[in-house]
Amino acid sequence: MNPTKSLARGKYIFHGHDPVLAAEFAAFREFLDGLEISPPHPALAPLLLRHLAEAGWLEAHGVESGLARAAAARSAAQYCVAERAGLPPSARAALPCWVAPMAAEISPGPLRLAELFGLAPGTAERLHEVWGLLGTADALMETGGDIRLARDPKTALNGYGCSHRPRPWAVTFASSTASSSSERGYIAADKARLAATAALLRGKSAAKAVNDCIGAVRRGIAGAFGLRAGEEIVLAASGTDTELLALALTHLADTGMPIQNILIAPEETGRGVPMAARGLHFAVDTALGHDVTFEAPIEGFRADTALTNIALREASGAVRPQGEVEREIEVALADAQARGRRVILHGLDLSKTGLLAPSRAFLAKLRHFYGDAFDIVLDACQARLSPASVRAYLDLDAIVLITGSKFFTGPPFAGAALLPAGVAARLRAGSLPAGLAAYFNRAEFPADARAASLLPAGGNYGLALRWHAALAEIKALLCVSPARRAAILGGFAEAVARGAAATPGVTLLPAPAIRRGEADEPWECLPSIFTFSLRAPMAPERCLTPAEARQVYVWLNTDLSPWLPEQAALAARICHIGQPVPLAQPGGAGQMGALRVSAGARLISGEPSHRSLAPRARLAREFADVGVVFEKIGLILARWETLAAVNPSPAYRPRNIA
C-alpha cells in the first residue's frame with residue numbers, strides 16, 4: 001500500500017488548518033496507526049498528517065512522487081511554524097531537519113532541495129523556480145496586499161485583527177471591516193491552491209497557472225452578479241485600489257479636460273480614498289510590494305485633479321436629509337461642468353455606518369440630463385445589496401466597486417471593479433497611467449485590455465485565492481432565499497437592540513432607512529450595520545474618543561481572563577467587531593469613536609463551525625453571541641482601570657485552546 005496515495009484518496013483529506021484537524025484528529029490517528037506510521041513526537045502528528053495528505057493528493061493528480069513530497073513539505077513546514085508556539089520544547093527538538101529551510105520565505109536553493117529530498121537536479125530546479133507560489137493557503141493569501149495584510153508575529157493576526165486561517169472560536173460580527181476566513185472559505189481557497197500547485201509541478205508556467213486561477217475568479221464574479229456581454233471585471237487588491245482604477249478609467253476617456261472628483265463622505269469609506277481619488281499614493285507600500293512615498297503623485301495621473309467632498313453628516317454627527325445632500329451634489333456637478341472639468345460622481349452604497357447616498361433615482365435623473373458627459377463610480381464595497389441592484393447601477397453606466405471581504409466575509413483585500421460595456425471599451429485603446437504598474441498586474445485586467453499592456457506580466461496570486469474564499473461565501477449566500485435573508489437580518493436587529501439596551505453606557509446611533517428603488521429585495525433594505533457610542537467610564541460627561549474606542553475594539557478581541565479571573569468565562573471570549581469610526585461627540589466637542597456590530601453573509605448562510613446545529617438552534621446561538629459581545633463590552637467598561645494598566649494584546653486563539 002502507498003500510504004500517501006491512500007490518505008489522499010481516502011475519506012480524510014486534510015485541508016491544512018487546525019479546526020479541521022481538531023474535528024478529524026482521532027480518525028487521522030487511527031488511519032496512521034493502520035499504516036504503521038509513527039511521528040517522531042506525538043505532538044508532531046499534525047505535521048506528518050499535513051505532509052502525507054498533500055503529498056498524496058499531488059501524486060494522485062499527476063505529480064512525480066519525489067517532487068510531490070518536497071512541495072508538500074513546504075506547506076507542512078509553514079503549517080508547523082504557524083503552530084510552533086503551541087508545541088512543547090521536546091517536540092520542537094524533534095522537528096524534521098527540513099522544516100526550517102522549507103518554511104523560509106526564500107528558497108534554500110536547488111542543491112539544498114535536492115539534498116533534502118533526493119531530487120534530480122532538474123526537479124530541484126523546478127521546485128526552486130516556483131517557490132514563491134508554494135505554501136499553505138493562509139500564507140499565500142497574505143501576499144499581494146499592503147502592510148495591513150501582514151501577520152503580526154506577536155499576535156498571529158493581521159492589521160485588521162483577523163486571520164486568513166479560520167478562527168471559529170471567535171464571536172465575529174466584523175463584516176463592516178474585515179473577517180477571518182471561515183472553514184468554507186479556507187477550503188475553497190485551498191482547493192484552488194492545490195489545483196494551481198499541481199499544474200505548476202506538472203510543468204505549467206507560473207504565469208499560466210496564476211492566470212487560470214484568476215480566470216476562475218473572473219467567471220465566478222461574473223456569474224454571481226449576472227454580467228452581460230461587453231461588461232468586464234478588473235480585480236484589485238482592495239477597495240482603495242479600485243478607487244485608483246476608477247480615476248485611471250476616466251483618464252482613458254481622453255477628453256483633455258481636468259478632472260473634478262466628487263466624493264461622498266470619504267470619512268465613511270476608507271481613509272486612503274481621498275488620496276487615491278487624486279492619483280496619490282495612499283500608503284507607504286503597494287499590493288505588489290513596492291515601497292512608495294505616502295501622498296506623493298503616482299506617475300501618469302493628472303496633477304490638476306480636484307476633489308469635492310459631500311458630507312453625509314452635520315457637524316453635530318446627525319445624518320443630513322437626503323434631499324439636501326442631493327441638491328449639493330447637483331450644484332457641484334453643474335459648477336464643475338461649467339468650469340470645463342470632467343466629473344467623476346461617486347455614489348455610496350453603503351458607508352461604514354450603513355448610509356446610502358445619493359439615491360439611484362437621483363443618479364438616473366443626472367444620467368438622463370447630462371448623458372455620458374460625466375462618469376459615475378458606485379462604491380458598493382460593503383456589498384450589502386442584491387445582484388439586481390448591481391444590475392440597476394450598471395444599467396446607468398456606473399462603474400461598480402465591490403469587495404469580497406466586507407458583507408461577504410471573505411478574507412480582507414479582495415476588491416473588484418465591475419465595468420459597464422461603454423467604460424470597458426476604453427480599455428481597448430490608449431494606455432493606463434504608468435504608475436499603476438506598482439498596483440496591478442496584466443492578468444487582473446480583461447484579456448483584450450490593450451491599455452494594460454505595459455503592466456507587469458502575470459497576476460496577483462494571493463488576491464485570486466482570497467477571491468476564491470469569498471466566492472464560496474457568495475455561493476452559499478445565494479442559496480438562501482431573499483425572504484429568509486430578510487427574516488434573519490430582522491432577528492439580528494432585535495438581538496442587537498436587546499444587547500445594547502442591557503449594557504450601561506451603550507447607545508445605538510440612529511440611521512435612516514435604506515432605499516434604492518422599486519426592485520429592491522426586502523433583505524437589502526434592512527440595516528445590517530449597527531453603530532453605537534460608548535460612554536467614557538473615566539469621564540461620564542462624554543463618549544469614548546476614537547483612541548479609547550479602539551482599545552475596546554482590541555480588548556474585545558483578546559482573552560482577558562488572566563486579568564479578570566472573577567469573570568473568566570466571559571472575559572475569555574474572543575469577540576471581533578467593526579473598527580471604530582470617528583464621529584462628532586454629542587454636543588460637538590471633539591470626536592468620539594463609534595464601534596459597529598454587523599451581520600455578514602455567514603450569519604445568513606450558516607457559520608460552518610456551527611454546522612452540527614439545526615437551523616433554529618444555529619441562529620439562536622448566533623443571536624446569543626450578539627449578547628456576549630455587549631456583555632463583554634459592559635465588563636470592559638466596568639473594569640477600565642484594570643485593563644488600561646496592562647493593555648493586553650489579542651492573539652489568534654484564546655488561552656484555553658491549545
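1. Strand 1 and strand 12 (residues 575–584) run parallel and are joined by 3 bridges, where strands are DSSP runs of E of at least two residues, numbered from the N terminus, and two strands pair if DSSP finds at least two bridges between them. Within this pairing, T172 stands opposite H576 of strand 12.

2. The model is a predicted one, in which local features need pLDDT of at least 70 and side-chain atom pairs count only at pLDDT 80 or more, while totals for chains, interfaces and linings use all residues. Residues are numbered from 1 along each chain as its sequence is written, and side-chain values use heavy atoms, with hydrogens and water left out.

3. An open sheet of mixed pairing is formed by 5 strands in the order 1-12-13-11-10. Its edge strands, each pairing on one side only, are strand 1 (171–173) and strand 10 (506–508).

4. Helix 20 packs on this sheet, touching strand 11 (529–534), strand 12 and strand 13 (591–598), and its direction makes about 175° with that of strand 12; contact means heavy atoms within 4.5 Å, and angles run from 0 to 180 degrees between N-to-C directions. Helix 23 also packs on the sheet, touching strand 1, strand 10, strand 11, strand 12 and strand 13, with its direction at about 95° to that of strand 1.

5. The axes of helix 20 (residues 546–556) and helix 23 (residues 615–638) come within 10 Å and cross at roughly 120°, helices being DSSP runs of H or I of at least four residues. The contact is made by V552, W555 and L556 of helix 20 and by V629, K632, I633 and I636 of helix 23.
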